[in-house]
Every structure is written in structure tokens, then in C-alpha cells.
Amino acid sequence: MKLLLIEDNLAMQTTLQRSFERRGIHVVACGDGSRALDRWQASVPDVVLLDLSLPGLDGLDVLSRARAAGLTTPVIILTARGSVGDRILGLNTGADDYLPKPFDLDELEARVRALVRRQGGGAAGAEARFEAPEYCGLRLDGQSGAVYHRGQPLELAPRELALLRALLGRPGQAVAKERLLDLVFANEAEVQPDAIEVVAYRLRKKLAGTGAKLVTLRGLGYLLQPQA
């Protein structure tokens, strides 16, 4: 099972990440609301745990934009805002469950697993049915996470796939190098900034002949565009 934790409190991040990973659940953490949607689209999780008070973009705005983009991943809101009005607002925005802080870790795990079972049980059934539109003959399958070219899956290493998914989330638009580094090397604190250039180089070679070209924009980042 794969879980996306959108929480800016580092102590809470660490506690939840260690707790869930001891229980066999892989956790990707994001502490910035403005980056959360990109992280969500780049690697669609089984469940999202979402705090409401986030820097960059409020949690309800993140949820609203995700639902508008077609992301149907189950969401549990975790927040200190525990009033009935806040709960109703969160559920009406598209959340599936609501757990006020402080909460019991065993209860949270039970709610996460209940949502996965409700969605079909396991990663294949629980992942969002979001599917990005086709771009330059490339199509992202939101259920499997694979990228297809004219019906055939591309043979990509995990980091190459993560980079391509991030770029397909914003086709034809530049994505900053720093943001891609954060998405491709999630939770790898010791990675050097130029590591993304190595992944981009390898992906560029594998895209040859697909109709899509990976372009480097100095000072801006990378983008996908049709080959001439």
C-alpha cells in the first residue's frame, strides 16, 4: 500500500512515517501545499492523509484542485480544526473521512485500511482512476502508474518514470528543476541538485522516436513538447 502524507509538522511527519512503514505501508511525505498536487499526480497513492493548515496552499484548496483535476484517491483529513462546521466543509470539498488531532495511531491505520478495502482492496483497486490525457502519443495510466506509447508500456527505471509522470502532469509547461528533484527523489535528503540531470538525460534517450521531446530550459527547468 502507498500513502501520501501532506503534513507540514516535521515531528508529526516523522512519527506517522515510521509508524506506517513499520506496518508495511510505504509513505511519501510532503510539507508544502503548493507542491502537494504535483506530488499527488506524479505518483498516485492508495490513500492521502491531508492536513488543512499548510504553507503555500491551504489543505482544502489542495483537495478542491485535486478533485477538479479528476484525482479520486481516498482522502482522510487530519487537523486540529475539529468543529462540526470544519468537518462538514472538508467532507463537502471531497474528503472521505475526517480525524481530528490528537488521534490514536491504531484508529488511523484502521481507517486507512478500511478506505482501501472500500476502493477494491490493494494497490490496483485502491489507486485513483485518474488518467491523464494523451500527449504526444504518451498516456499515463493512473491505475497502474505506467506510461504507454501507442498502447505499449515504456520500459523505464523508477526515477525515469517518476520524472515522466511529473512532466505529463503539466504537458507543454515548464516544471522547475527543484520541484522535479523533490518529486523524483522523494525522502532522499542527501541527493545532489544535479542528480535530476542524470535522470533527465536517460529519459530523453528513451523518449527518442515516441513523438515527445524532453527539453531543458536553462534557469526554468524541463518540459515535454512534440518533436519537430
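Visitor: How many residues does the largest nonpolar core have, and which of them have the most contacts inside it?

Guide: The model is a predicted one. Its largest nonpolar core has 30 residues, and Leu163 and Leu164 are those with the most contacts inside this core. Two or more residues each come from S6, H7 (158–168), H8 (177–184), H9 (195–206), S9 (212–217) and S10 (221–226). Helix H7 gives the largest share, 7 residues.

Visitor: What makes this set of residues a nonpolar core?

Guide: The term requires buried residues of the nonpolar kinds, Leu and Val among them, joined through side-chain atoms within 4.5 Å. In soluble globular proteins, nonpolar side chains tend to be buried together.

Visitor: Which residues does Leu164 touch?

Guide: Leaving aside residues up to four places away in sequence, Leu164 touches Leu138, Val147, Leu154, Leu156, Leu203, Leu207 and Leu224.

Visitor: Why is Gln13 called buried?

Guide: Buried means under 20% relative accessible area. Gln13 has a value of 11%, and is therefore counted as buried. This residue is found in helix H1 (residues 10–22). Among the residues that Gln13 touches, not counting those up to four places away in sequence, are Leu5, Ala29 and Cys30.

Visitor: What makes the approach of Gln13 to Glu7 a polar contact?

Guide: A polar atom of the Gln13 side chain lies 2.6 Å from the backbone oxygen of Glu7. The cut-off for a pair of N or O atoms is 3.5 Å, so a pair at 2.6 Å falls within it.

Visitor: What is the order of the strands in the open sheet of 5 strands, and which are its edge strands?

Guide: The order is S2-S1-S3-S4-S5, with parallel pairing. Strands S2 (26–30) and S5 (97–100) are the edge strands, for each pairs on one side only. On average, neighbouring strands of this sheet are turned by 20 degrees against each other, direction ignored.

Visitor: How do you know that S3 is paired with S1 and with S4?

Guide: Pairing requires at least two bridges between the strands. S1 and S3 share 4 bridges in the parallel sense, and 3 bridges join S3 (residues 47–50) to S4 (residues 75–79), also parallel. Leu3 stands opposite Val47 in S3, while the bridge partner of Leu49 in S4 is Ile76.

Visitor: Which way do the residues of S3 point, and are they buried or exposed?

Guide: Val47 and Leu49 point one way, Val48 and Leu50 the other way, and all are buried.

Visitor: Which elements make the right-handed β-α-β unit?

Guide: S3, H3 and S4 make this unit. Helix H3 (residues 59–68) lies across S1, S3 and S4, at about 170 degrees to S4.

Visitor: Why is one side of S6 and of S8 left without a neighbour in the sheet?

Guide: These strands belong to an open sheet of 3 strands, in the order S6-S7-S8, with antiparallel pairing. S6 (138–140) and S8 (152–153) stand at the edges and each has a single partner strand, so one side of each has no neighbour in the sheet. S6 is joined to S7 (residues 147–149) by 3 bridges, and Leu140 has Val147 as its bridge partner in S7.

Conventions. Residues are numbered from 1 along each chain as its sequence is written. This is a predicted model: local features need pLDDT of at least 70, side-chain atom pairs count only at pLDDT 80 or more; totals for chains, interfaces and linings use all residues. Side-chain values use heavy atoms; hydrogens and water are left out. Axes are lines fitted to C-alpha atoms, for helices over the stretch in contact, and angles run from 0 to 180 degrees between N-to-C directions. Contact means heavy atoms within 4.5 Å. Buried means under 20% relative accessible area, exposed over 50%, partly exposed in between (1.4 Å probe, protein chains only). A polar contact is a pair of N or O atoms within 3.5 Å; within protein, one must be able to donate a hydrogen and the other to accept it, and residues adjacent in sequence count only if both atoms are side-chain atoms. A crossover is right-handed if, with the strands pointing away from the viewer, the path from the first strand over the helix to the second runs clockwise.
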